[in-house]
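Here is a short note to read alongside the model. Keep the viewer open and check each point as you go.

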Amino acid sequence: MRYLPNAAATSRLSPQELRASFLVSNLFRPGEIALEIVDLDRVVIGGAVPSDAPLALTAHPDFLSEYFTERRELGVLNIGGTGSVTVDGERHALGKKDVLYVGRGSRDVSFASDDPDRPAKFYLVSYPAHASHPTTLVTGESAQGATIGAQETANRRRVARYIHTAGARSAQLVMGVTTLETGSVWNTMPAHTHHRRTEIYLYFDLPADAIVLHLLGEPTATRTIVARDGEVALSPGWSVHAGCGTSAYSFCWAMGGENQDYADMQPVDISTLR
């Protein structure tokens with residue numbers, strides 16, 4: 001279990017302590033499922049990289065449940081080669097940037113790669129669920145999307161929504177992918193907060209020599225951490241979340257909380273950022 005510091009403590013952390021608290025690394029390990037439980041609404045994030053054999057998702061002992069999604073829902077994003085997710089005997093093929101929503105009560109979940117030399121990389125986000133919704137596949141092509149921003153402000157990007165009120169339905173999970181165009185580096189600005197939900201960023205499709213400077217903290221006391229390809233930044237409801245990269249990249253945004261309205265946010269006036 002990862003416990004996050006509050007706003008006051010965050011303003012006093014060293015760079016190493018900031019990274020230890022808000023950045024999750026090493027989730028995508030060949031032949032393994034890696035999971036981390038965070039006290040942000042008891043979200044679980046993880047990575048599954050099947051190689052020669054399928055990987056079965058089992059319940060963490062902390063759940064005190066018989067199987068992983070007994071009382072939870074799960075979003076699965078593939079950021080690697082082609083593969084599949086099998087849910088209670090039904091196989092779902094996932095290409096890159098396809099998302100599978102797995103509803104509460106799905107007993108057996110496993111992951112497989114089509115080619116062990118180019119394995120799938122499944123990113124997992126799970127929240128407790130108060131209701132059951134059907135398992136639903138949303139491809140990158142069918143996801144509801146829009147291109148926003150401008151080249152002049154270096155934030156021209158396509159925002160694709162997968163799990164949301166007008167797409168794959170869920171109890172509280174909202175999930176999508178934003179892809180920046182070449183020459184754009186800001187993932188969002190002006191920054192904002194979410195009082196009624198948390199947000200989590202997975203940065204991916206970053207070149208090996210590229211980084212993202214991820215902005216977090218209270219609007220008047222911002223902090224910065226360096227994120228690289230495959231790393232996850234955690235954002236409590238009181239924290240801003242924005243980032244600027246040294247090249248274009250993609251990121252998966254996922255949220256959980258009491259409100260699934262995508263527009264439920266508190267914009268921050270850039271002139272007030274400190």
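Which residues of helix H2 (residues 15–22) are buried? Point 1 takes this up.

1. **Helix H2.** This is a predicted model. In helix H2, the buried residues are Leu18, Ser21 and Phe22. They span an arc of only 75° around the axis, so they sit on the same side of H2. Turn to the other side of H2, and you find Gln16 and Ala20 exposed. What lies over the buried residues? Their cover includes helix H1 (7–10) and strand S1 (23–24). Strand S17 (212–218), strand S18 (221–227) and strand S19 (232–235) are also part of that cover.

2. **The whole chain.** The protein chain has 2 helices and 22 strands. Along the principal axes, the C-alpha atoms fill a box of roughly 55 × 40 × 35 Å.

3. **Contacts and surface.** Take the contacts in the protein chain with a separation of 6 or more: 71% of them link residues 24 or more positions apart. Of the 274 residues, 53% are buried. The accessible surface of the chain is about 11600 Å². Carbon and sulfur atoms own 49% of that surface.

4. **An open sheet.** Look next at a sheet of 4 strands. Their order is S4-S9-S6-S7, the sheet is open, and the pairing is antiparallel. Strand S4 (55–56) and strand S7 (90–94) are the edges; each has a single partner strand, so one side of each has no neighbour in the sheet. Inside this order, strand S6 (residues 83–87) and strand S9 (residues 109–113) run antiparallel and are joined by 5 bridges.

5. **Nonpolar cores.** In soluble globular proteins, nonpolar side chains tend to be buried together. The largest nonpolar core here has 53 residues. Which of them touch the most other members? They are Ile45, Leu77, Tyr123, Met175, Tyr203, Val232 and Leu234. A second core is separate and has 18 residues, including Val44, Leu57, Val76 and Leu94.

6. **Leu77 up close.** Leave aside residues up to four places away in sequence. Leu77 then touches Lys97, Asp98, Val99, Lys121, Phe122 and Tyr123, among others. Its contacts also include Met175, Val177, Phe204 and Cys252.

7. **Backbone points to check.** Most residues other than glycine have a negative phi, and most peptide bonds are trans. Phi of Lys97 is positive, near 70°. Lys97 lies in the loop between S7 and strand S8 (99–102). Next comes Ala154, with a positive phi near 60°. Its loop runs between strand S12 (144–148) and strand S13 (157–163). Is Ala154 buried or exposed? The relative accessible area of Ala154 is 18%, and the cut-off for buried is under 20%, so Ala154 is buried.

8. **A cis bond.** The peptide bond between Met189 and Pro190 is cis, with omega about 10°. Pro190 is in the loop between strand S14 (174–180) and strand S15 (192–193).

Note on methods
Residues are numbered from 1 along each chain as its sequence is written. This is a predicted model: local features need pLDDT of at least 70, side-chain atom pairs count only at pLDDT 80 or more; totals for chains, interfaces and linings use all residues. Side-chain values use heavy atoms; hydrogens and water are left out. Two strands pair if DSSP finds at least two bridges between them. A nonpolar core is a set of buried Ala, Val, Leu, Ile, Met, Phe, Trp, Tyr and Cys residues joined through side-chain atoms within 4.5 Å. Buried means under 20% relative accessible area, exposed over 50%, partly exposed in between (1.4 Å probe, protein chains only). Contact means heavy atoms within 4.5 Å. The arc is that of the directions from the helix axis to the C-beta atoms. Accessible areas come from the Shrake-Rupley method with a 1.4 Å probe; for residues, only the protein chains shown count as cover.
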